[in-house]
Amino acid sequence: MKTIKYLHLTVIITAIIFLYSCNDDFLELKPLTKLAESEAFWENESSIETFSNSFYNYIDRGDILADFTSDNCEHKTSPPALRRGVYSMPTALGSGGWNWSQLRNINYFIQNVNNSKLDPSVKNKHIALGKFFRAWFYYKKVQQFGDVPWYSQPLATSDEDLIFKPRDPRTLIVDSIRKDVDFAIRYLPVEKTKNRISKWMGLALKSRILLYEGTYSKYHGLRDANACKVLLQEAVDASKELMESGMYTIYSTGDPHRDYFNLFQPKDAYTEEVILARSTQNQYFYYTPNFTSTSNGNYGATYSLISDYLMSNGETFQKRYPDESKRRALPYMDEFKDRDPRLWQTLVFPGYVRVGTSAEALTDFNQNTTGYMIHKRVGPPIEDQGGGLRDVIMIRYAEVLLNYAEAKAELGILTQEDLDISVNLIRKRVNLPPLSINSPLDPYLDDYYKNTSDPMILEIRRERRVELAFEGFRTEDLKRWKEGQLFRDRYQGMYIKEFNTYIDLNNDGSPDLYVLKNNQTPPSDRIAGVQYFRLADVAALSEGEYGRIIPYSRELPEFKDWEYLNPIPTEELTLNKMLKQNPGWDNLN
């Protein structure tokens, strides 16, 4: 069996490493030739830069789609495995995320640059880039698996003790990540650019990682209170250093009804707020069709997300409509009235006109089932067939401000001044009243989240959910807060007053929607312009003959603690007896 393992590792270790060509902004990276395995190669800074350009391919644009597995979205008919608790155990070597080829390339790069005879200042700059990507690589592995083996050098097939070693503790991995990212922050360039890794990107990543690990450790009991505080304080310090640098600000033209939406629209991202973007010169990133195609547009926003948006005067939705039965029965049109402007800059609303068109449009039930159709970051119809040319925003300044506020709140040292230099700058863009340090506990949020009743922590969670909706944060946020039960809630959509009745969604006097049961057919005298929407067999209305749409009404199992981490592929466990499966996953075999 070891022979098979060695063959597998040999493929990884001796795989062809390509040089990458790119345009001036290092946007499209494509292989040209094999790496010259010569000492001279590593004495040439231009060659080193060309090699490291390949690392930018490790920045996965698909990360922004991660909300699909969270309480922000519901699938049209078949929710993801995390929602249903129905998993397929990965078996093949390198499957299920247990893949180390990126790390091998990074470590190979760091080792060879370090062994070169280049000036130390030149070497450190390039090693810093390698360590930045190694830190990001391991951060994602910790999110997936918890404990993982730490490797700081490229492995040879003779390194049997390292190849077949057990996983290292999560605490060791995170401490090693901290060292890498600190080195990166110290030696990375200070020049500001959206497509290249800089000192500022290093600070943003550190802010993200240590907030994640500090809160994950706190709520999952992985470290003692003091150790968690150290991590959270470092998240504060990294955020504050970036904030005090003056390099970034919140994008705003003074138009609270358009600026948030417009932030995600241009081909060239607004660098006053965008810290890192993936740019392209070829149409290939598959984003817009997720929300506009009848075959791919399968996700709609949930009522619980809509319920988190405040009213325009800062009141909660629940306070404005204190009678729950009346609130839950609000027509689609009324739900958007007098709300936080980010609501209608995120979701299709009455009066919506899509970018690149001139006619008003309504939510399309062929493309989503909840009735809350997503249009944040969605482009013009020309993108419906696949790709686009717009920058994909990966990290922006608003996240850093939210990281700062949340870490301070978790430490119990949040002040009004802290809110004013973080959360309230974000709110200012949409002309929302500032958050007060004396805000009372919101009973709705207190009931929604089970592991804290701190008013400020809850308010910052609300702000984070709304501001970063559909940017890929929500699933991991719920995991680090240990709120896994929310993956198993019965997600709901818009209110339907009854079956087989014409509904005027935008109050223009003409019907727009007619909802049928799964076994019903539309009436013979159909009205032009009306959507005849038949519920899927897994769907229902919350009150039987009326109520909120439930796209997936089947019973869901209780969420278990073992589901917070992913399983290791079974063939990896077979070949390396020192590896142990994450608890709970053995039950699936």
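A polar contact here is a pair of N or O atoms within 3.5 Å; within protein, one must be able to donate a hydrogen and the other to accept it, and residues adjacent in sequence count only if both atoms are side-chain atoms. The model is predicted, so local features need pLDDT of at least 70 and side-chain atom pairs 80 or more, while totals for chains, interfaces and linings use all residues. Residues are numbered from 1 along each chain as its sequence is written, and side-chain values use heavy atoms, without hydrogens and water.

**Stop 1: helix H2.** Select residues 45-52. Helices (H or I, at least four residues) and strands (E, at least two) are DSSP runs, numbered from the N terminus. At the start of H2, a side-chain oxygen of Asn-44 comes to within 2.9 Å of the backbone nitrogen of Ser-46. Now pick Ser-47, Ile-48, Phe-51 and Ser-52, the buried residues of H2 (buried: under 20% relative accessible area, 1.4 Å probe, protein chains only). Look down the axis: these residues fall within an arc of 130°, so they line one face of the helix. The arc is that of the directions from the helix axis to the C-beta atoms.

**Stop 2: Ser-70.** Move to the loop between H2 and strand S3 (73-75), where Ser-70 is found. Ser-70 is buried, at 0% relative accessible area. Its side chain reaches the backbone oxygen of Asp-67 at 2.8 Å and the backbone nitrogen of Asn-72 at 3.1 Å.

Technical notes:
Buried means under 20% relative accessible area, exposed over 50%, partly exposed in between (1.4 Å probe, protein chains only).
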